[in-house]
Amino acid sequence: MSHDHEHAHTHDHEGEDGHEGSGEKGHGHGHGHDHHGHGDAPARALGAALVLTASVMVVEVVVGFWSGSLALLADAGHMLNDAAALGLSLLVTWVAARPRTVRHTFGLRRAEVVGAFVNAVSLGVAGILVIHEAVQRFGAAPEIRGVGMLVAATLGLVANLASAWILSRHGGSSMNVRGALMHVLSDVLGSIAAIVAGGLVLGLGWRLADPIASLLIAVLILFGALRLLRDTAHVLMEGAPEGLDVAAIERTIQQTEGVLEVHDLHVWSIVPGEPLVTAHVVLRPGAHGTGVARLVGVQLEHAHGVHHATIQPESPEAPLVSLTKKPAKP
């Protein structure tokens, strides 16, 4: 069985020495994988959020011990977790911005997703610890200084809102920054819960408001952790990117002029928002492999926003294995 193993790529691939690689170019859109300056804006946003979070965390720890408030200490503990998450995200952003090498041909951009995954796990652990301590306090709620709790929680809310604004406006679309933002947003809700609990303790003397607020904070933490864990695991397991219809992509390729059939289609991403497609296409008689592959790349970019596709043309004798079509019964 003969196969026309001619490869055509829809990108201009530069080698590490700055010269073009051996793969033939497809359509004329060169999107390299060296993202110089990629981490500048996210790094600045993460750094500013880290300074804010760490500063308020110290205040909440001091006031939390002084006032006896578990909700405030829970919020401070979560902010400690946030500070660690922001520090990790800052490191990961720097690593992900490193240029690609012969050992890491995609660069280290997947570090963004790994960092977000670690943040999701740490969020879950923090939530479980808060739940455990809150349950213990239902049996014997200690004396709480409501004024100090209320003031510190309000300060924490302001700092968390500022950090969330910085990350959402200047952090870009990085999943790593999104992980850090999830930490900060859960702290915003935690600070609100602590403020409400402080008001109830101060106004009504209701001590149980403190562990109840702590449980609410923990539930919010766990909810955010599970969502982030699901999304990062999907990327790490090479799942098809959200918002892309694989069956529609296969139809687009199948309907491209010169394509007889498509098989071995793979759709995934290194980081969210940058889908990658590889596929084998069986050529119609008389079709030119490189021309068809380039046309497929153009169609994928226009119809689905896929800017990186690698297409392998093959002769009609190649075996056909479709993702969306059931094999015909003999």
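**Strand pairing and a surface patch**

Trp268 has Leu276 of strand 4 as its bridge partner. The model described here is a predicted one. The pairing to which this bridge belongs joins strand 3 to strand 4 (residues 275–283), and the two strands run antiparallel over 8 bridges. Together, strand 3 and strand 4 make a hairpin in which 5 residues lie between the strands. Within the turn, Gly273 has a positive phi of about 90°. Strand 3 spans residues 259–269 and is mostly covered, with 8 of its 11 residues buried.

Strand 4 also pairs with strand 5; these two strands run parallel and are joined by 7 bridges. Between strand 4 and strand 5 the chain passes through helix 8 (residues 289–304), giving a β-α-β crossover that is right-handed. One of the bridges in this pairing links Val282 to Glu314 in strand 5.

A nonpolar patch is found on the surface, formed by Val135, Phe138, Leu204, Trp206 and Ile212. The accessible area of these residues together is about 480 Å². Ile212 is located in helix 6, which covers residues 209–236. Ile212 is classed as partly exposed because its relative accessibility is 37%, a value between the limits of 20% for buried and 50% for exposed residues.

Key:
Residues numbered from 1 in each chain as written. Predicted model: local features only at pLDDT ≥ 70, side-chain atom pairs only at ≥ 80, totals over all residues. Heavy atoms only, no water. Patch = residues over 30% accessible without salt bridge, like charges linked within 9 Å, V, L, I, M, F, W, Y side chains within 5 Å. Areas by Shrake-Rupley, 256 points an atom, 1.4 Å probe, with all protein chains shown as cover. Salt bridge = Lys/Arg side-chain N within 4 Å of Asp/Glu carboxyl O. Helix = DSSP H or I, 4+ residues; strand = E, 2+ residues; numbered from the N terminus. Buried < 20%, exposed > 50% of the residue type's maximum accessible area, 1.4 Å probe, protein only. Pairing = 2+ DSSP bridges. Right-handed = clockwise from strand over helix to strand, strands pointing away.
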